[in-house]
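Dear colleague,

Please find the structure below, with its sequence. I would be grateful if you would read the notes that follow alongside it.

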Amino acid sequence: MSPLPEAVPFFSQWETPDMTLAVLADGAEAALRRDPLWQGSGAATLDEYAVWAANVCGMACLKMILAARGQIVPTIELARRCTGYGGYVVNEGSIKGLIYAPFVTFVKQEFGLEAEVMTNVAAADVPGILARSRFFIASVSSSIRWPEREPPSKGDHLVLVTAASDDGFRFHNPSGHTSATQADAVLAPIDFDRFFANRGIAVSI
């Protein structure tokens, strides 16, 4: 694949990026209470961080988009602000989201980003989307970190696609478990498609 026109910073959805395997082994809340860097998330308390961090893959993608233009905003702060627009629905500790349409309103009003919800997207459509928009936040299976495995389902996780062609899709995965599966991970289109839920959000900066 050709080089990116400019580097896109990577951020994990956890403040300590190498915590993915601990989260998978011990459960998010238990593992994330051991994250020594949690305060960098913008959470007011460790409890808030532990509850939210497993749900902020979309906010990590947004953080990367904003960072690409030189603006750094903590993930839990973004989640809190997005919730105000209806991007998340919180009930007694359960969190539903990211809800795409309110997210589009949120990023437009708060950051001046142009975004569009896209459904029924074939993997073959993504290069064309990126020709018109700088980024595509794609709904994929979280098991995309293990491309050699067959996913149990599609969707449930968001990654930031930064480049795509017939040769490969390059993306940042907020819950990758190694450096190779976090920043600038690359999959052949046919492999990306096995995890792709055919929906996402195109974003321009």
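The notes below concern aromatic rings and the charged groups placed over them.

Please bear in mind that this is a predicted model. A search of the whole structure finds eight aromatic pairs. One of them joins Trp 52 and Tyr 88: the ring centres are 5.1 Å apart and the planes stand at 85°, so this pair is edge-to-face. Trp 52 belongs to helix H3 (residues 46–52), while Tyr 88 is in the loop between helix H5 (75–83) and strand E1 (89–91); the pair therefore ties together parts that are 36 residues apart in sequence. Trp 52 is buried, its relative accessible area being 10%, and Tyr 88 is also buried, at 2%.

A tilted aromatic pair is formed by Tyr 85 and Phe 106, with 5.4 Å from centre to centre and 55° between the planes. Because Tyr 85 lies in the loop between H5 and E1 and Phe 106 in helix H6 (residues 100–111), this pair ties together parts that are 21 residues apart in sequence. Tyr 85 counts as partly exposed, at 28% relative accessibility, whereas Phe 106 is buried, with a relative accessible area of 0%.

There is also a cluster, in which ring pairs link Phe 136, Phe 169, Phe 171, Phe 192 and Phe 196.

Two arginines should be noted as well. The charged end of Arg 149 sits over the ring of Trp 146, at 3.9 Å from its centre. Arg 134 lies over the face of Phe 135, 4.6 Å from the ring centre.

Yours sincerely

Methods: Residues numbered from 1 in each chain as written. Predicted model: local features only at pLDDT ≥ 70, side-chain atom pairs only at ≥ 80, totals over all residues. Heavy atoms only, no water. Phe/Tyr/Trp six-rings, centres within 6.5 Å; stacked < 30°, edge-to-face > 60°. Helix = DSSP H or I, 4+ residues; strand = E, 2+ residues; numbered from the N terminus. Buried < 20%, exposed > 50% of the residue type's maximum accessible area, 1.4 Å probe, protein only. Lys NZ or Arg CZ within 6 Å of the ring centre and 35° of its normal.
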